[in-house]
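Today I look up aromatic rings and their neighbours.

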Amino acid sequence: MPNTFQSSIPNKIQQYLSDQLQSLKKSSNINPGSQDLSSFIYQALTTTKYRRHSISLEYQTHIKNVIGFSIKNNRPIPLVWVFGCYKLWRLPESPYVDWAELFFLIHKVNWLRPVLEVYKPGIWFDFFADGIVVPLLNHIPESDMDTYQESFKDLLTIFEKYIPKNLKFTLHTLEKLYSSKKDFQKEFKTNYDIVVQQDKTNPFILSDQQKSVIKMNVKSDKELSEAKLHQSQLIFEAFVLSSKRRPYYRTPDKIFLDSFPIKNCLPIGTTRTSSVRFWVGKGVLEKHQDSFIETILSVNQVQNSRFSSCSVNLPDFDNPNYKSISILK
């Protein structure tokens, strides 16, 4: 009996997605030649093919020091990516991960492939989730946060079978750095009181861009008032003061990554054509000549684009968001 679900999948799209996964373990036979190992790794990590912005001289030195320290101690090179660990509520794919997270991971393996092939200890790519404040800040239910985190963990587990053995993706959360959630909440209240007092003498002035970001992220049935916008900013400023947050990822032995030109970071795109952060974006395919390009769109880009939808059947990927994919027209 024919499988009607399988037969409905356009072969080209199905094959493309399958090939992207299956190719992740393939060797490209990279040869650094006479180049020093440390220099080769630095150039591979900072190549303009994947880097979206310039790197400060200070952080160039930092990256070289981390590479040198890792080689000297024969350990994986530690990279860290900080994110909210939620899916933006405005996206219908929420609260689960979608193609944006998978495309992000595929892009990172392709970026790191030269290093993985020449440096046996490999790479430790750590996701640091500081979303403990998101329910308070953005009014997203904790149950949605938990759902996203579990689906993200599941994706990392599935993805592990497709990638080189010397590349490890991990997830750590800010909450786990505190003895309990109450411990975090107690510190947060103290910090919030400090910020409120600061605001009385030196008020926080929100730019139009900051207001736009808050409006996009906060879940509300009505337009946010100026007072609500201001309160959200105070909550964020108090959260930034969390004592255990920055000391986790701003360390002398880790390389901090982001897709935006944040001060002192290695700015890497989220996909080949995008810098949109995966947890607030939608992963889609874009037709490119006889093939496709993976990209991540912001909510505004999604709203201003037209798509066709294609059914997909990839082994192991049971998340409902991986049963179909949007093709950008």
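I work with a predicted model, where local features need pLDDT of at least 70, side-chain atom pairs count only at pLDDT 80 or more, and totals for chains, interfaces and linings use all residues. Residues are numbered from 1 along each chain as its sequence is written, and side-chain values use heavy atoms, with hydrogens and water left out.

**Entry 1: ring pairs.** I find 30 aromatic pairs in the structure. Rings of Phe, Tyr and Trp (its six-membered ring) pair if their centres lie within 6.5 Å; planes under 30 degrees apart are stacked, over 60 edge-to-face, the rest tilted.

I check Phe83 and Phe152. Their ring centres are 5.1 Å apart and the planes stand at 40°, so I note a tilted pair. Phe83 is in strand β1 (residues 77–83) and Phe152 in helix α7 (residues 142–160), 69 residues apart. Helices (H or I, at least four residues) and strands (E, at least two) are DSSP runs, numbered from the N terminus.

**Entry 2: burial.** Is Phe83 buried or exposed? Phe83 counts as buried because its relative accessibility is 1%. Buried means under 20% relative accessible area, exposed over 50%, partly exposed in between (1.4 Å probe, protein chains only).

**Entry 3: a second partner.** Phe83 also pairs with Trp279: centres 5.6 Å apart, planes at 65°, so this pair is edge-to-face.

**Entry 4: charge over a ring.** I see the charged end of Lys287 over the ring of Phe292, 5.6 Å from its centre. The rule asks for NZ of Lys or CZ of Arg within 6 Å of the ring centre and within 35 degrees of the ring normal.
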